Amino acid sequence: MDHHDFHAGERAVQERAGERHIAEQRLGLVADAVMAGARPFIARQFMVVVASVDSAGRVWASLLFGKPGFAHAEGPSLLIEAPFGERDAADPLWANLDAGSSADADADVQLGMLFIDLGSRRRYRVNGVVRHVNRRQIEVAVREAFPNCPQYIQRRELQPRASAVVPVAPVQTARGTSLRGTVADIVRRTDTVFVASRHAQGGADASHRGGHAGFVTIVDEHTLRIPDYRGNSLFNTLGNLAVDPHAGLVILDFDGGQLLQLTGTATLLWDQADATGQTGGTGRCWEFQVEQWILHDTPLALAWRYLDASPYNPGIAQTV
């Protein structure tokens, strides 16, 4: 097993947060292969969050869906079944993979993946390099894999009628740059956000952020503010953003059956005044400058049932 170490951005954020010693103690959680106990968990999932980078260096977060078993670990690789005819052409992921496969053969095409079971609050991160992509599947050579804590995940489960995973056709798409109307409404009421970031050597990474509805605030029509709560002290996402500010967000509108993808840049804010406890006592948050958004229907007919909010969420639940 290769020795894993934190990159300079992660170390800098750990130091500033005063949690470097905790991060060092938890470094052993990160492996260069999917651990045996996580393989059945991955195989049970019907959804995976994917982080990718486009030809202009913009970072995108995507959601892929399929029947349980569509993603599985085999030896040092992870495979995602993604038949060409079932791909959402509006999702930048596919163009990012095509651009990478047609570029310099020596250049790595990086993907970050997050497997998350909202019903059980379990999640597992896998980051790696695309080894092969064709009209049927994506094969990723695993570079690092590790579990995450269950904090800040709002529990939801699929309704039985959606378990058949029925495609939606046609998929309708809208694009823009300003946070208005339906897009702003989706942001204001969300309690779950998935984040994509990257580091030139460390690769792409996908992570989760959650809180009470309204925890993501709209500063203006081009800016979001997201609090940074206490976590596992590894600071993978913030460490990446400290070095490369490009980031992507994807919000699943559980009630409306839509996906909102946003790409832009992030700025870390420290020692913020927080009289109402919106940061959970950390005084940390980050602002996301929106460069572009894409709003489209989910590619599958999914119906979710809300169960409960995370008991770890800071602040008071809002009605939005």
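**Exercise 1.** Determine whether Ser55 is buried or exposed, and state where Ser55 lies.

*Solution.* The model is a predicted one.
Step 1: The relative accessibility of Ser55 is 75%. A residue counts as exposed over 50%, so Ser55 is exposed.
Step 2: Ser55 belongs to the loop that runs between β1 (47-53) and β2 (59-65).
Step 3: Ser55 can also be compared with Asn96: the two stand 41 residues apart in sequence, while their C-alpha atoms are 6.8 Å apart in space.

**Exercise 2.** Explain what Arg121 and Asp308 form, and what parts the pair ties together.

*Solution.* Step 1: Side chains of opposite charge can pair when their charged atoms come close.
Step 1: The closest N and O atoms of Arg121 and Asp308 are 2.7 Å apart. The cut-off for a salt bridge is 4 Å, so the pair qualifies as a salt bridge.
Step 2: Arg121 is in the loop between β5 (110-117) and β6 (122-133), whereas Asp308 is in strand β19 (residues 304-308); the pair therefore ties together parts 187 residues apart in sequence.
Step 3: Arg121 has 15% relative accessibility and counts as buried. Asp308, at 26%, counts as partly exposed.

**Exercise 3.** State how many salt bridges are counted, and describe those of Arg58 with Asp54 and of Glu15 with Arg20.

*Solution.* Step 1: The count comes to 19 salt bridges.
Step 1: Between the side chains of Arg58 and Asp54, the N to O distance is 2.8 Å. Arg58 is partly exposed, at a relative accessible area of 30%, and Asp54 is buried, at 12%.
Step 2: Glu15 and Arg20 also meet in a salt bridge, with an N to O distance of 3.9 Å. The relative accessible area of Arg20 is 19%; buried means under 20%, so Arg20 is buried.
Step 3: A network of salt bridges links Glu15, Arg20 and Glu24.

**Exercise 4.** Determine how many residues of helix α6 are buried, and then describe the protein as a whole.

*Solution.* Step 1: Helix α6 (residues 236-243) has eight residues, of which six are buried, so the helix is mostly covered. The buried residues are Asn236, Thr237, Leu238, Gly239, Asn240 and Leu241.
Step 1: The protein contains six helices and 19 strands, and 55% of its 320 residues are buried.
Step 2: For 320 residues, a compact globule would have a radius of gyration near 20 Å; the value for the protein is 18 Å, which agrees.
Step 3: Among contacts with a separation of 6 or more, 72% come from residues 24 or more positions apart.
Step 4: The accessible surface amounts to about 13700 Å², and carbon and sulfur atoms account for 50% of that area.

How values were computed. Residues numbered from 1 in each chain as written. Predicted model: local features only at pLDDT ≥ 70, side-chain atom pairs only at ≥ 80, totals over all residues. Heavy atoms only, no water. Helix = DSSP H or I, 4+ residues; strand = E, 2+ residues; numbered from the N terminus. Rg over C-alpha atoms; globule rule 2.2 N^0.38 Å. Buried < 20%, exposed > 50% of the residue type's maximum accessible area, 1.4 Å probe, protein only. Contact = heavy atoms within 4.5 Å. Areas by Shrake-Rupley, 256 points an atom, 1.4 Å probe, with all protein chains shown as cover.
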